[in-house]
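Work through the exercises below with the sequence and the 3D structure at hand. Each task is followed by a solution in steps.

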Amino acid sequence: MDFFKVVAPVYDTAMKITGHNKTLKELVEHIELESGQRLLDLGGGTGQLLDELPWDKELEVIIVDPSQAMLSKARKRVVDLENGAGTGSNPGLKADLVEATGDALPLEDNSIDHVTIADALHHFNNIEETLAEIRRVLKPGGRLHIMEFDPGTFFTKFIAAAEGLAGEPANFYKPEVLGAMVEEADFSYSYKYITGSIYILTAE
Ligand SMILES: C[S@@+](CC[C@H](N)C(=O)[O-])C[C@H]1O[C@@H](n2cnc3c(N)ncnc32)[C@H](O)[C@@H]1O
């Protein structure tokens with residue numbers, strides 16, 4: 001089953017109900033973006049992160065995702081943002097959409113200031129190769145921010161079981177376990193919880 005082809009038509013509505021926008025807002029505030037920076041939103045899906053970006057900053061955002069269905073929703077969101085429809089216009093924003101997986105990024109070495117992976121890493125195959133690719137495309141001093149669910153909570157166990165049944169990898173890690181993986185890819189890391197079950201791990 002192509003999980004995200006099925007999910008794409010209802011994704012934004014479903015995530016609105018769960019309050020996903022609030023956690024994305026926290027993620028964006030945590031990053032402390034500066035004008036002129038390039039942000040790669042890996043596994044960016046329908047582009048919900050775009051709605052939470054600061055409007056007073058000139059940013060270039062590259063959304064990379066393998067799902068055509070999710071990217072087609074993101075395309076509509078970008079057009080709406082450019083036209084001032086939907087959540088409003090964002091004149092300083094330049095957004096590119098790229099169909100690819102994290103383990104083969106069609107991006108130049110040392111070209112990205114920040115990488116975000118929001119509620120997405122647990123869907124990825126080849127996490128080791130993906131971390132190596134992120135390391136390659138990040139500029140010196142650039143940072144990776146992963147927002148994920150702690151596997152120890154009842155909520156995450158439920159999501160993991162449901163996604164596992166749908167054939168998704170459901171790779172949920174405790175922050176220390178994910179931290180050890182990012183250290184293997186030559187990053188140092190820190191993390192903080194933003195809800196009882198969601199943490200942001202930052203690697204640099
Ligand atoms: C739950 S959605 C999250 C979307 C978005 N980050 C958000 O916060 O709304 C997970 C996304 O990860 C994408 N994905 C799955 N495997 C991937 C991979 N190997 N590399 C990059 N993205 C992937 C899926 O296509 C999907 O759009």
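**Exercise 1.** Determine whether F149 and F172 are buried or exposed, and classify their ring pair.

*Solution.* Step 1: F149 is buried, and F172 is buried as well; buried means under 20% relative accessible area, exposed over 50%, and partly exposed in between, with a 1.4 Å probe and protein chains only. The model is predicted: local features need pLDDT of at least 70, side-chain atom pairs count only at pLDDT 80 or more, and totals for chains, interfaces and linings use all residues. Residues are numbered from 1 along each chain as its sequence is written, and side-chain values use heavy atoms, with hydrogens and water left out.

Step 2: Rings of Phe, Tyr and Trp (its six-membered ring) pair if their centres lie within 6.5 Å; planes under 30 degrees apart count as stacked, over 60 as edge-to-face and the rest as tilted. By this rule there are 6 aromatic pairs. The ring centres of F149 and F172 are 6.4 Å apart and the planes stand at 70 degrees, so this pair is edge-to-face.

Step 3: F149 belongs to strand β5 (residues 138-149) and F172 to the loop between α5 (154-165) and α6 (175-184), so the pair ties together parts 23 residues apart in sequence. Helices (H or I, at least four residues) and strands (E, at least two) are DSSP runs, numbered from the N terminus. F149, F155 and F172 form one aromatic cluster.

**Exercise 2.** Describe how strand β2 (residues 59-65) is covered and which way its residues point.

*Solution.* Step 1: In β2, 7 of the 7 residues are buried. Step 2: In a regular strand, side chains alternate between the two faces of the sheet. Step 3: L59, V61, I63 and D65 point one way from β2, while E60, I62 and V64 point the other way.

**Exercise 3.** Which strands pair with β2?

*Solution.* Step 1: Two strands pair if DSSP finds at least two bridges between them. Step 2: Strand β1 (residues 38-42) pairs with β2 in the parallel sense over 5 bridges, and L42 stands opposite V64. Step 3: β2 and strand β3 (residues 93-99) run parallel, joined by 7 bridges; here I63 stands opposite L97.

**Exercise 4.** Which residues is I117 in contact with, leaving aside its neighbours within four places in sequence?

*Solution.* Step 1: Contact means heavy atoms within 4.5 Å. Step 2: With those neighbours left aside, I117 is in contact with L42, F124, I134, L144, H145, I146 and M147.
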